[in-house]
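Thanks for coming, everyone. Please look at the structure on the screen, and I will walk you through a few places in it.

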Amino acid sequence: MSEACKILAMQGLLHESVGHVSARVSENEFEIRCRSLQSEDGHLFSRQEDIRRATLDGECVDASDDYVLPIEFSLHAELYRARPEVGAIVHAHPLGTLLCGLTGIELFPIRAYTYDPMRVVMNGVAYYESAAMIDRRERAVALRDSMVGANVCIMRGHGITTLGSSVAEAAMRAIYLEKAARANWIIQSSGRTITALQSEEEEEVHSDNSPAPSANDVSTHWGEFSWRYYKRLMKESEAGRVWPPDKFLP
Ligand SMILES: [Zn+2]
């Protein structure tokens, strides 16, 4: 969890202390990145102790005077309540999806150096038509209802919510959705037209023999490769041995 927060911060999806990652612990409990009133330094510097356990009703099981649950806590609670298959959730405010959502740019399935961002878009992007903070249950229920059958959602003018069976899967979906959005923003704001996918390429993405089988599902080999890459990149960067080479513009 704390590792995922650092990776998403390094990739430009989580900013300062805003946004959150959570993981289901049981039917009624989940862990979530909380904020320390005394020593909060932001997602890039997340620590294991920043991860706290809470019930779906908003009770912090291992509460302390120092840690507070995120204001948008109910976003996580309502999705876990309604979607038993969901094991982890990312809520972030990345730039690419913000720009596309605000300007009504539709995400075309673009192969942004790999099939993965394309596949995330082709598998279905939900839209939540409100920029309001999810600070109460009714808003969380409305967001949940907008995500029926989808694992990724663009909350127009606000951010994104992505779901996964694991933290790695939810985080990879968030990374790929943002890569797709940035590629779309760059191309579509240039005024040029995107040529439709060739049917051959479209078939390949859906095929079991695709070079990136189920690449947005990190339970597969390819997804595991990607997640291991980001974990290694984070560790090497912390050690000062390498700086992330693949920051996707801008
Ligand atoms: Zn938010």
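**A walk through the model**

Start with glutamate 16, which is exposed, because 12 other C-beta atoms lie within 10 Å of its own. Here is the rule: a residue is buried if 20 or more other C-beta atoms lie within 10 Å of its own, exposed if 12 or fewer, and partly exposed in between, with C-beta atoms placed from the backbone. Glutamate 16 sits in the loop between α1 and β1 (20–24). Its phi is near 45 degrees, a positive value in a residue other than glycine. Most residues other than glycine have a negative phi.

Two notes before we go on. Numbering runs from 1 along each chain as its sequence is written. This is a predicted model, in which local features need pLDDT of at least 70 and side-chain atom pairs count only at pLDDT 80 or more, while totals for chains, interfaces and linings use all residues.

Now the overview. The chain has eight helices and nine strands. Helices (H or I, at least four residues) and strands (E, at least two) are DSSP runs, numbered from the N terminus. Of the 250 residues, 44% count as buried. Take the contacts in the chain with a separation of 6 or more: residues 24 or more positions apart account for 69% of them. Two residues are in contact if their C-beta atoms, placed from the backbone, lie within 7 Å.

Next, the core. Which residues touch the most other members of the largest nonpolar core? They are Leu8, Ala171, Ala174 and Ala180, out of 60 residues. Such a core is a set of buried Ala, Val, Leu, Ile, Met, Phe, Trp, Tyr and Cys residues joined through C-beta atoms within 7 Å. Helix α6 (residues 167–188) gives the largest share of this core, 13 residues. Look at alanine 174. Leaving aside neighbours within four places in sequence, alanine 174 contacts Leu8, Leu13, Val90, Ala92, Ile160 and Thr162.

That brings us to helix α1 (residues 2–10). Its buried residues include Ile7 and Leu8. α1 and α6 pack at an angle of about 10 degrees, with their axes 10 Å apart. So α1 is roughly parallel to α6. Axes are lines fitted to C-alpha atoms, for helices over the stretch in contact, and angles run from 0 to 180 degrees between N-to-C directions. Under 35 degrees counts as roughly parallel, over 145 as roughly antiparallel, 65 to 115 as roughly perpendicular, and the rest as oblique. In this pair, Ala4, Ile7 and Leu8 of α1 meet Val167, Ala171 and Ala174 of α6. The contact of α1 with α6 has six nonpolar, no polar and no charged residues. For those classes, Ala, Val, Leu, Ile, Met, Phe, Trp, Tyr, Cys and Pro are nonpolar, Asp, Glu, Lys and Arg are charged, and the others, Gly among them, are polar. Just after α1, glycine 12 has a positive phi of about 85 degrees.

On to helix α3 (residues 95–103), where Gly96, Thr97, Leu98, Cys100 and Gly101 are buried. Those buried residues pack against β8 (152–155), β9 (159–164) and α6. The axes of α3 and α6 come within 7 Å and cross at roughly 55 degrees. That makes α3 oblique to α6. The crossing is left-handed, meaning that the near helix is turned anticlockwise from the far one by less than a right angle, with clockwise for right-handed. Threonine 103 also lies in α3. Is it buried or exposed? Threonine 103 counts as exposed, because it has 11 C-beta neighbours inside 10 Å. Glycine 104 follows α3, with a positive phi near 70 degrees.

One more helix pair. The axes of α2 (residues 73–82) and α5 (residues 137–146) come within 8 Å and cross at roughly 50 degrees. They are therefore oblique to each other. α2 passes α5 in a right-handed crossing.

Last stop, cysteine 34. Where is it found? Cysteine 34 is in the loop between β2 (29–33) and β3 (35–36). Cysteine 34 counts as buried, because it has 24 C-beta neighbours inside 10 Å. Leaving aside neighbours within four places in sequence, its contacts are Asp50, Arg52, Tyr67, Val68, Leu69 and Pro70. Its C-alpha atom is 9.7 Å from that of phenylalanine 73, 39 residues away along the chain.
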